[in-house]
Amino acid sequence: MAADFKITASKVNVHYGEAHAIKDVDVNIESNAVTAFIGPSGCGKSTFLRCLNRMNDTIDICRVSGEILLDGLDIYQKKVDPVNLRARVGMVFQKPNPFPKSIYDNVAYGPRIHGLAKDKAELDQIVEQSLRRAALWNEAKDRLDQPGTGLSGGQQQRLCIARAVATAPEVLLMDEPCSALDPIATAQVEELIDELRASYSVVIVTHSMQQAARVSQKTAFFHLGHLLEFGETSKIFTNPDHEKTQQYITGRFG
Amino acid sequence: MRPKHIVTAFDADLRAISARISEMGGLAEEQLGSSIEALRERDSELAEEIIRVDKRLDNMEMRLEQSAIEVMALRQPMADDLREVVAALKVASTLERIGDLAKNIAKRTLVLNQSEPLRVVSSVTRLGKQVQTLLAEALDAYTVRDKALAVAVWKRDVEIDEMHNSIFRELTTYMMEDPRTIGHCSQLLFVVKNLERIGDHTTFIAEMTYFVTEGRQLSDDRPKSNDWDELKPGNEQD
């Protein structure tokens with residue numbers, strides 16, 4: 001039964017043209033938990049993450065097979081609208097990418113296109129709530145009409161998180177959300193991830209093993225397109241089962 | 001052979017910690033050996049020397065603690081590396097305690113040397129030798145990460161416990177036969193107890209070896225000699 005799991009993926013394979021990027025990956029993403037994907041560059045962790053909200057659809061040569069269920073619904077069915085899917089499964093990218101619009105409009109964009117607010121007052125409320133959740137409200141409340149691109153890097157990333165949570169997604173995918181941030185902004189985002197866990201399932205791809213260890217409850221180790229090991233974060237970082245996991249997390253040649 | 005770290009300085013740091021443990025282990029073993037010799041040979045000079053040297057073990061433990069903390073802060077070891085650093089910290093403090101117990105044996109030797117020799121001393125030194133062998137094997141197992149040897153050492157602590165109990169009985173009999181020896185036999189009782197404690201510390205080192213190699217604790221079903229009841233007054237069986 002998939003009852004405890006938000007996302008159940010089985011026998012997922014991804015090809016980019018001839019290249020076989022993901023090989024028979026089975027993984028279950030828990031509700032209200034942070035799952036970290038780790039592994040060396042090119043291991044397929046970002047590719048797999050992008051399967052979870054069909055971001056790979058935008059790449060012509062990319063073929064995805066297997067089954068990915070979100071609350072039991074096969075997200076690759078013809079009748080599923082990828083835009084609606086991405087409102088349920090939000091995403092934050094490596095580089096902060098605010099729209100060239102005001103801070104307010106950045107956050108209000110999603111709720112507007114999905115018709116989530118019936119009037120201006122409700123939209124205002126969603127914007128404030130989202131900015132608060134992303135720990136940006138105090139810094140941004142007096143400059144909501146200014147461009148989002150005028151914020152510092154760390155603030156921009158938190159703005160992108162606010163934008164992602166504004167559509168009230170059920171799952172939040174984060175692809176190296178802190179790699180362009182300084183340690184303080186990183187700590188703020190990590191604190192935020194921990195808070196978001198109360199209402200969402202969070203899946204984070206990170207190259208920082210310390211970050212994976214700090215923020216996640218479950219960790220998946222990818223290697224050459226395979227999911228080599230998946231388990232409790234505390235176990236993976238203290239006593240992993242797989243030799244390759246051990247070598248990777250301890251910083252040895254594999 | 002485990003692959004090396006990509007950052008070679010990390011390997012150097014871990015090697016330095018291992019080297020410090022080996023050095024401490026060597027000195028602790030030597031102190032124990034000397035304390036047994038001082039007891040057997042009634043050598044007060046050697047006993048004094050043991051008491052002086054103990055400070056070196058204390059300093060070595062402090063230095064190792066410093067290195068271990070630095071590695072944790074600067075290198076953030078994970079998995080087996082982390083276990084190795086944590087185990088080194090615990091083994092170092094165990095070795096320091098073994099040193100303290102050897103020093104205590106030396107102090108009691110100084111007191112014992114002020115009176116006539118007791119026959120029972122030979123049983124005590126035999127126990128001492130046995131403990132010393134076990135400690136040497138435990139340290140070897142730790143150094144080369146020999147899990148099988150560690151488990152063997154762990155299981156053999158029961159022999160120490162049995163010898164300890166039998167010497168305890170012997171000393172009690174001795175004291176009953178000649179109450180004038182009670183003062184000195186009491187000193188020896190403490191020596192015997194110290195050796196038994198060192199045996200326990202030795203099994204702990206074996207447990208740490210297992211923890212480092214396997215990533216889990218050696219289960220707590222070590223064979224124990226549990227005949228304390230028969231040592232209680234009025235319960236002697238022979």
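Lys244(A) is found in helix α10 of chain A, which covers residues 243-249. The model described here is predicted. Is Lys244(A) buried, exposed or partly exposed? Lys244(A) has 18 other C-beta atoms within 10 Å, so it is partly exposed. A residue is called buried if 20 or more other C-beta atoms lie within 10 Å of its own, and exposed if 12 or fewer do.

Sequence distance and spatial distance can be set side by side for this residue. Lys244(A) and His223(A) are 21 residues apart in sequence, and their C-alpha atoms are 8.3 Å apart in space. Strand β9 of chain A spans residues 218-223, and this strand belongs to the sheet described next.

## The six-stranded sheet of chain A

Chain A has an open sheet of six strands, in the order β6-β7-β8-β3-β9-β10, and the pairing is mixed. Which strands stand at the edges? They are β6 and β10 of chain A; each has a single partner strand, so one side of each is left without a neighbour in the sheet. On average, neighbouring strands of this sheet are turned by 20° against each other, with direction ignored.

Strand β3 (residues 34-38) of chain A pairs with strand β8 (residues 201-205) of chain A in the parallel sense, over four bridges. Within that pair, Ile204(A) in β8(A) is the bridge partner of Ala36(A). In contrast, β9(A) and β10(A), the latter made of residues 226-232, pair in the antiparallel sense over six bridges. Here Leu227(A) in β10(A) is the bridge partner of Phe222(A). The hairpin formed by β9(A) and β10(A) has two residues between the strands, and Leu224(A) takes a positive phi near 50° in this hairpin. In a regular strand, side chains alternate between the two faces of the sheet.

## Helix α6 and what covers it

Helix α6 of chain A runs over residues 153-165 and has 13 residues. From its first C-alpha to its last, α6(A) reaches 19 Å, close to the 18 Å expected at 1.5 Å a residue. The helix lies across β6 and β7 of chain A and runs at about 170° to β6(A).

How many of the 13 residues of α6(A) are buried? Twelve are, and the helix is mostly covered. The buried residues include Gly154(A), Leu159(A), Cys160(A), Ile161(A) and Val165(A). Among the elements that cover the buried residues are the strands β6 (89-92) and β7 (171-175) of chain A. The helices α3 (103-113), α4 (120-133), α5 (137-140) and α7 (183-196) of chain A also take part in this cover.

## Leu159 inside helix α6

Leu159(A) is one residue of helix α6 of chain A. Why does Leu159(A) count as buried? It has 26 C-beta neighbours inside 10 Å, and the cut-off for a buried residue is 20 or more.

Leaving out residues up to four places away in sequence, Leu159(A) touches Pro98(A), Ile103(A), Asn106(A), Leu136(A), Gly148(A) and Leu151(A). Leu159(A) and Ser130(A) are 29 residues apart along the chain, and their C-alpha atoms are separated by 8.9 Å.

Two packed helices are described by the angle between their axes and the distance between the axes. For α3(A) and α6(A), the angle is about 30° and the axes are 7 Å apart. That makes α3(A) roughly parallel to α6(A), because angles under 35 degrees count as roughly parallel. On the α3(A) side, the contact is made by Ile103(A), Asn106(A), Val107(A), Tyr109(A) and Gly110(A); on the α6(A) side, by Leu159(A), Ala162(A) and Arg163(A).

The packing of α3(A) with α4(A) has an angle of about 115°, with the axes 9 Å apart. These two helices are therefore roughly perpendicular to each other. The residues in contact are Tyr104(A), Val107(A), Ala108(A) and Pro111(A) of α3(A), and Leu123(A), Ile126(A), Val127(A), Ser130(A) and Leu131(A) of α4(A). The crossing of α3(A) past α4(A) is right-handed.

## Chain B

Chain B has six helices and zero strands. From the N terminus on, its elements run α-α-α-α-α-α. The C-alpha trace of chain B spans about 70 × 40 × 25 Å along its principal axes.

Chain B has 238 residues, of which 38% count as buried. Among the contacts in chain B with a separation of 6 or more, 82% are between residues 24 or more positions apart.

Terms used. Residues are numbered from 1 along each chain as its sequence is written. Chains are lettered from A and ligands numbered from 1 in the order in which they are written. This is a predicted model: local features need pLDDT of at least 70, side-chain atom pairs count only at pLDDT 80 or more; totals for chains, interfaces and linings use all residues. The expected span of a helix is 1.5 Å times one less than its number of residues. Two residues are in contact if their C-beta atoms, placed from the backbone, lie within 7 Å. Two strands pair if DSSP finds at least two bridges between them. Axes are lines fitted to C-alpha atoms, for helices over the stretch in contact, and angles run from 0 to 180 degrees between N-to-C directions. Angles under 35 degrees count as roughly parallel, over 145 as roughly antiparallel, 65 to 115 as roughly perpendicular and the rest as oblique. A crossing is left-handed if the near helix is turned anticlockwise from the far one by less than a right angle, and right-handed if clockwise.
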